Amino acid sequence: KETEEVFKVKKSSYSKKIVKQLKKEYKEDLEKSKVRTEVNSPTDVEPPLEKTGQIKDIAQEDGTANSEHGEEEMEVESEKEEEKPKAGGAFSSALSSLNVLRPGEIPDAAFIHAARKKRQMARELGDFTPVDSEPGKGRLVREDENDASDDEDDDEKRRIVFTVKEKSQRQKIAEEIGIEGSDDEALVAGEQDEELSRWEQEQIRKGINIPQACVQPSQPAEVNNLYYQNTYQTLSYGSSYGIPYTYAAYGSSETKSQKTDNTVPFKTPSNEMTPVTIDLVKKQLKDRLDSMKELHKANRQQYEKHQQSREDSTKAIEILEGSSGGIGEQYKFLQEMRGYVQDLLECFSEKVPLINELESAMHQLYKQRASRLVQRRQDDIKDESSEFSSHSNKALMAPNLESFGRDRVIYQEQVKRRTAEREARRARRRQAREQTGKMADHLEGLSSDDEETSTDITNFNLERDRILKESSKVFEDVLESFYSIDCIKSQFEAWRSKYFASYKDAYIGLCLPKLFNPLIRLQLLIWTPLEGKCRDFETMLWFESLLFYGCEEQEQVKDDADISLLPTIVERVILPKLTVISESIWDPFSTTQTSRMVAIVQKLVDGYPSVVNAENKNTQMLLKALLLRMRRTLDDDVFMPLYPKNILENKNSGPYLFFQRQFWSSVKLLGNFLQWYGILSNKTLQELSIDGLLNRYILMAFQNSEYGEDSIKKAQSVIACFPKQWFANLKGDKTISQLENFCRYLVHLADTIYRNSIGCSDVEKRNAREHIKQIIKLLASIRALDHAVTVANDHNVKELKILIEGK
């Protein structure tokens, strides 16, 4: 609040009217100074110091009254005046330092304030006489920017009179404030040239740092400039009195941020310059040289780096340019192969369904023929069993007959027709054996009744020819390069030989078996290993064409899939086809078909061990199909009739012949089953052949047979079917457990023969003894030594050791 009151007093005391009158007085003083300059009066060179300074102070305070910065400055002035007692120490120190101010040193704000107070005290004490000033003389007025408001403060008029000391008095004041020199020295300084004076003033302006935006290009300012240029052009304030210039830039943004210190000190640059020596110059030059050397080194390294990069890029360009031709050719070749493979797959997508249909039709044709033969054999067995059975009746012979008997007549006609056909076939086979001289060694039931009528053969051949004709038309509308195995192989061989890396990356070796699969199946359409005229698949064109694929002279690559091309085809084509044949076409009762089937499977096992093994899925499917077919035959086709012994005594009777035929057919089936030794496991074979066939059917026939030479002959035929390897590694005196029933029957047969020989002639006894020895040999051949010893001890056979060793 006190600051605001002081500001109001200041503002009222320094009114615009007073400033205008001061302007007029300043103009008069300016004219007087010009006259004095003309007469070279040293006392009139500069206006009175006190008066000029006070006018400037009043003009500045009044000109900035409406500005924010001016108001703040006035408040600071008033606060300083009120706080004089408190700042007595600072003022006294600044006052004492007035005498020690050196020439060229710029005073600070405290110094200027002390100088002003000292001048004011000098005026109050009367140390200088005021100069009578006429109106308009000795006045320094600063024109305000807002001259339009000059008439607002008419009631506040105050006239301020400034006194000017004489020249001697001015010198006295300069001596009092501690400035060395006199008016003579100022006059001598005034003789300096105009350029030096202008340079000094320019340096002073730079030192005080007056913002250009704060300098108003008003007419009074120009007048002031003229005044100072004319009056002080030969005498600088600092040079005559030794007081440095200070200037406060009121109204500028820079001074607002520096409110505590409103003055900018200016120091002469000459006092701060470091003296230049030769060592300093050398040091600077050396530092400059070192920095340039380091820069040169860095640039050199960068240059070498760029050179190396350029060389590498050049080499890369040369390499790429050299290999671009091969890449282009490879790209062109691969694009052609891509188009070829796409066309090939599109062709196969249309043709493979046709191939599948033809293959299914051919399999169905063979299956129908095999089923017809099996059904005929079953009907023949049923007819003979019904005919010779003592328990047969009309209901069993012709079930589901009508009361009128019409179906019975039809049934009897069919039986007669089948009987006539059966007897005709047997007669033809008997005639064929007589022509070949095998009649004596042949036994009824050992031959396979697989003859077909001419009608069946003709129909079969016509259908097969039709399927073959259709197969030849599958690729008749296709270019050779898309169905010929040689053409397709040549395309992929060229790819393999030229660009093996891309060939391997495309997994062509794994795709080729599937690609050749439909073409090979088409060639294997009529391939059936059960027929005698069937061609070996290894002699077919597709096998010979693919035999040496991937086996060039160059070094073989590890894990090359092309090496296993043929084994893979065997796995994916041959084994599935054999599975279908085993399940639907193969007849286990046929010794010829069984031998051929065993031969082809054994060939695959020996020739392709990496494929045909127990771990392979297709191999497992094949073996499973074989077992299923044998079990179905064992359950559906084997039949052993039971007749009283008195009926079997007549060896020319129908029941006897039927019984013998069924017995020997069972023995033949036993031998067919045991042909799979080495392919099927021993456990499986023993279960099928011994448990399922020997103990279930054949032993029943032995018990109904007469005990004598015929039974021994039959037993020898059964034992001949057993693989010798079953008994080679047996330890102890016992045979395999499944043959115990058969061994007990042989022991019982020896006892029966011995009992029947009691009371007979010596010849019969000798024959009986020979039969017993044969039985001992049979027991020893199957490693049933315990039973052989028992028979020898019971019948006093001394040659046991010889018989066992001569087994």
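**Figure 1. A nonpolar patch on the surface of the predicted model.** Welcome to this predicted model; our opening close-up shows V276, L280, V281 and L285, which form a nonpolar patch on the surface. Together, these four residues have about 350 Å² of accessible area. Look for V276 in the loop between α13 (269–272) and α14 (278–388). Is V276 buried or exposed? With a relative accessible area of 65%, V276 is exposed, because exposed residues have values over 50%.

Figure 2. Before the next close-ups, here is some background on the chain. How many helices and strands are there in the chain? There are 33 helices and zero strands. The chain has 807 residues, of which 40% count as buried. Among contacts in the chain with a separation of 6 or more, 79% come from residues 24 or more positions apart.

**Figure 3. N672 and its surroundings.** This view takes you to helix α26 (residues 654–674), where N672 is found. N672 is buried, as its relative accessible area is 2%. Which residues does N672 touch, leaving out those up to four places away in sequence? They are P588, F589, S590, T591 and T594. Two of these neighbours deserve a second look. A polar atom of the N672 side chain lies 2.8 Å from the backbone oxygen of P588. The side chain of T591 also takes part, making a polar contact with the side chain of N672 at 3.2 Å.

Figure 4. A pair of aromatic rings is described by the distance of the centres and the angle of the planes. Searching the whole structure turns up 19 aromatic pairs. One of them is Y366 with F460: the ring centres are 5.2 Å apart and the planes are at 75°, so the pair is edge-to-face. This pair links distant parts of the chain, with Y366 in helix α14 and F460 in helix α17 (residues 454–472), 94 residues apart. Y366 counts as buried at 2% relative accessibility, and F460 is buried too, with a relative accessible area of 5%. F537 and F543 form another edge-to-face aromatic pair, with 6.0 Å from centre to centre and 80° between the planes. Both of these phenylalanines, F537 and F543, are buried.

**Figure 5. A cluster of aromatic residues.** F663, W664, F702, F742 and Y745 form one aromatic cluster.

Figure 6. Side chains of opposite charge can pair when their charged atoms come close. The whole structure holds 25 salt bridges. In one of them, R372 pairs with E452, and the closest N and O atoms are 3.2 Å apart. Because R372 lies in helix α14 and E452 in the loop between α16 (406–436) and α17, the pair ties together parts that are 80 residues apart in sequence. Both partners are partly exposed: R372 at 33% relative accessibility and E452 at 22%. In another salt bridge, the side chains of E451 and R428 meet at 3.7 Å, N to O. E451 lies in the loop between α16 and α17 while R428 lies in helix α16, so this pair ties together parts that are 23 residues apart in sequence. E451 counts as partly exposed at 23% relative accessibility, and R428 counts as partly exposed at 46%.

Figure 7. Where do E463 and R466 lie? Both lie in helix α17, three residues apart, about one turn of the helix. E463 and R466 form a salt bridge, with the closest N and O atoms 2.7 Å apart. E463 is partly exposed, with a relative accessible area of 30%, and R466 is partly exposed as well, at 41%. Finally, there is a network to trace: salt bridges that share partners join D380, E384, R422, E423, R425, R426 and R661.

Definitions and conventions:
Residues numbered from 1 in each chain as written. Predicted model: local features only at pLDDT ≥ 70, side-chain atom pairs only at ≥ 80, totals over all residues. Heavy atoms only, no water. Helix = DSSP H or I, 4+ residues; strand = E, 2+ residues; numbered from the N terminus. Buried < 20%, exposed > 50% of the residue type's maximum accessible area, 1.4 Å probe, protein only. Polar contact = N/O pair within 3.5 Å; in protein donor to acceptor, adjacent residues only side chain to side chain. Contact = heavy atoms within 4.5 Å. Patch = residues over 30% accessible without salt bridge, like charges linked within 9 Å, V, L, I, M, F, W, Y side chains within 5 Å. Areas by Shrake-Rupley, 256 points an atom, 1.4 Å probe, with all protein chains shown as cover. Phe/Tyr/Trp six-rings, centres within 6.5 Å; stacked < 30°, edge-to-face > 60°.
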